[in-house]
Amino acid sequence: MKVIYFSLDYSPHDHRFLSALSETGYEVFFVRLQRGPRQVEDRPVPAKIEQVQWAGGRDEFRWRDLPKLVMDFRRVVKRIQPDLIHAGPIQTCAFIAALSGFRPILTMSWGFDLMDDVHKSKWMERITYYVLRNSTYFTSDANVTRDKAVKYGMNPERTVVFPWGVDLQHFTPISNRQLSVTNYRFTIFCNRSWEPRYGVDILARAFVKVAQQNPDVDLMLLNGGSQAQTIRQILQRGGTLDRVVMPGTISQKELPRFYNMTDLYVSPSHVDGSSVSLMEALACGLPCLVSDIPANKEWVADGVNGWLFPDGDADALAAKILAALAQREKLPALGESARKSAEKRADWKKNFGQLLVAYEQTVKLGRK
């Protein structure tokens with residue numbers, strides 16, 4: 001089978017998909033729409049994957065380039081003659097694939113496209129309707145995004161939901177870890193990008209309140225983003241900047257070590273599908289404190305493997321952090337439960353097989 005894998009950029013998620021696809025025996029062609037300002041994946045594209053040279057993939061995507069990109073994508077499709085195109089996010093890659101006229105298309109939601117981007121304008125809504133009505137099959141990693149896709153015109157009988165999952169051998173608890181029971185310091189961990197949709201500014205405000213009440217708490221913020229100045233100002237004005245570690249972007253190879261050196265994972269995201277970083281934290285046996293958006297509630301059961309707090313409420317988040325601090329003796333049990341939930345639902349090696357089934361369904365429906 002020939003597959004065009006068409007994605008926005010080259011992220012750790014793309015690397016995971018392409019690495020797995022490279023072991024299937026399929027001929028896989030990687031089409032990259034843009035080269036964004038923040039490159040977080042430093043591993044090369046797997047050797048068995050052909051990287052397609054075309055009009056895109058060199059700079060950030062611009063809407064004014066859409067006609068040129070569609071024309072050149074048609075040329076790419078004509079040369080490769082794939083059996084299917086696997087494309088997402090919806091309003092960019094899948095849109096170009098749909099405009100190319102080729103079918104069958106497996107449209108893959110990346111979460112933010114259906115939970116956030118679709119609401120930005122009527123234009124984005126129309127694109128979403130168009131793409132989903134012209135998609136042969138649909139996949140996403142959370143029920144909440146699948147329901148959104150159906151709302152925007154996707155045939156519900158042509159959908160499949162499976163968590164993308166993580167490598168459970170790579171993301172695993174270290175054997176000698178003792179969560180917060182014997183450690184004097186307590187470290188909160190967050191590796192969401194510093195963009196408005198991920199709510200890291202909410203965590204910064206909550207941390208200021210927590211730090212004022214407890215001198216033994218630190219915060220580790222990975223990555224960066226457009227809200228860097230805002231977040232630093234919140235921490236500086238709160239007198240807590242010296243208690244926050246900001247090591248920047250960490251490679252996937254090193255990332256498990258960072259989960260394992262901290263005590264509590266926090267995701268204050270306002271919008272998400274099944275968050276891969278949340279699954280990584282669960283797999284590392286880290287209790288997770290997350291916003292109560294629908295996708296997070298699919299993964300975190302309050303008081304079982306972590307806690308939920310009202311989305312956007314810094315006071316409530318601070319109270320939950322302080323409550324976790326007050327019950328350190330319970331954290332190892334929550335960590336064990338977190339790991340079990342990852343083993344049950346977030347095993348990438350098991351879940352990947354569902355993508356191949358989706359490929360077969362897409363090709364089968366495309367022949368009718």
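Me: In which loop does Gln81 lie?

Reply: This is a predicted model. In it, Gln81 has a positive phi of about 50° although it is not a glycine. The residue belongs to the loop between helix H2 (66-80) and S4.

Me: Is Gln81 buried or exposed?

Reply: A residue counts as exposed over 50% relative accessible area. Gln81 has a relative accessibility of 58%, and therefore the residue is exposed.

Me: Asn223 also deserves attention; is Asn223 buried or exposed?

Reply: Asn223 is found in the loop between S9 and H8, and has a positive phi of about 70° although it is not a glycine. The limit for a buried residue is under 20% relative accessible area. Because Asn223 has 18%, the residue is buried.

Me: Which residues does Gln227 contact, leaving aside its neighbours within four places in sequence?

Reply: Gln227 is placed in the loop between strand S9 (217-222) and helix H8 (228-237). With a relative accessible area of 12%, Gln227 is buried. Beyond its neighbours within four places in sequence, the contacts of Gln227 are Trp194, Glu195, Pro196 and Asp201.

Me: What is omega for the peptide bond from Arg103 to Pro104?

Reply: Pro104 is located in the loop between H3 and strand S5 (105-108). The bond from Arg103 to Pro104 is cis, with omega near 10°.

Me: How far apart are the end C-alpha atoms of helix H14, and what span should its residues give?

Reply: Helix H14 covers residues 348-366, which is 19 residues. The expected span is 1.5 Å times one less than the number of residues. That rule gives 27 Å, and the end C-alpha atoms agree with it, being 27 Å apart.

Me: Which residue caps the N-terminal end of H14?

Reply: A side-chain oxygen lies 3.1 Å from the backbone nitrogen of Lys349. The residue that supplies this oxygen, and so caps the helix, is Asp347.

Me: How many residues of the largest nonpolar core come from H14?

Reply: The largest nonpolar core has 55 residues, and those with the most contacts inside it are Tyr5, Tyr259 and Tyr265. H14 supplies the largest share of this core, eight residues. Buried residues in H14 include Trp348, Phe352, Leu355 and Tyr359. The number asked for is eight.

Me: How many residues has the other core, which lies apart?

Reply: Phe73, Phe95, Val118 and Phe138 are among the members of this separate core. In soluble globular proteins, nonpolar side chains tend to be buried together. The other core has 36 residues.

Me: What radius of gyration does the chain have, and what would a compact globule have?

Reply: The chain comprises 14 helices and 13 strands, and its C-alpha atoms fill a box of roughly 65 × 40 × 35 Å along the principal axes. For 368 residues, a compact globule would have a radius of gyration near 21 Å. The value for the chain agrees with this, at 21 Å.

Me: Among contacts between residues at least 6 apart in sequence, what share joins residues at least 24 apart?

Reply: Buried residues account for 60% of the 368 residues in the chain. Of the contacts between residues at least 6 apart in sequence, the share that joins residues at least 24 apart is 71%.

Note on methods
Residues are numbered from 1 along each chain as its sequence is written. This is a predicted model: local features need pLDDT of at least 70, side-chain atom pairs count only at pLDDT 80 or more; totals for chains, interfaces and linings use all residues. Side-chain values use heavy atoms; hydrogens and water are left out. Helices (H or I, at least four residues) and strands (E, at least two) are DSSP runs, numbered from the N terminus. Buried means under 20% relative accessible area, exposed over 50%, partly exposed in between (1.4 Å probe, protein chains only). A polar contact is a pair of N or O atoms within 3.5 Å; within protein, one must be able to donate a hydrogen and the other to accept it, and residues adjacent in sequence count only if both atoms are side-chain atoms. Contact means heavy atoms within 4.5 Å. A nonpolar core is a set of buried Ala, Val, Leu, Ile, Met, Phe, Trp, Tyr and Cys residues joined through side-chain atoms within 4.5 Å. The radius of gyration is taken over C-alpha atoms; the globule rule is 2.2 Å times the number of residues to the power 0.38.
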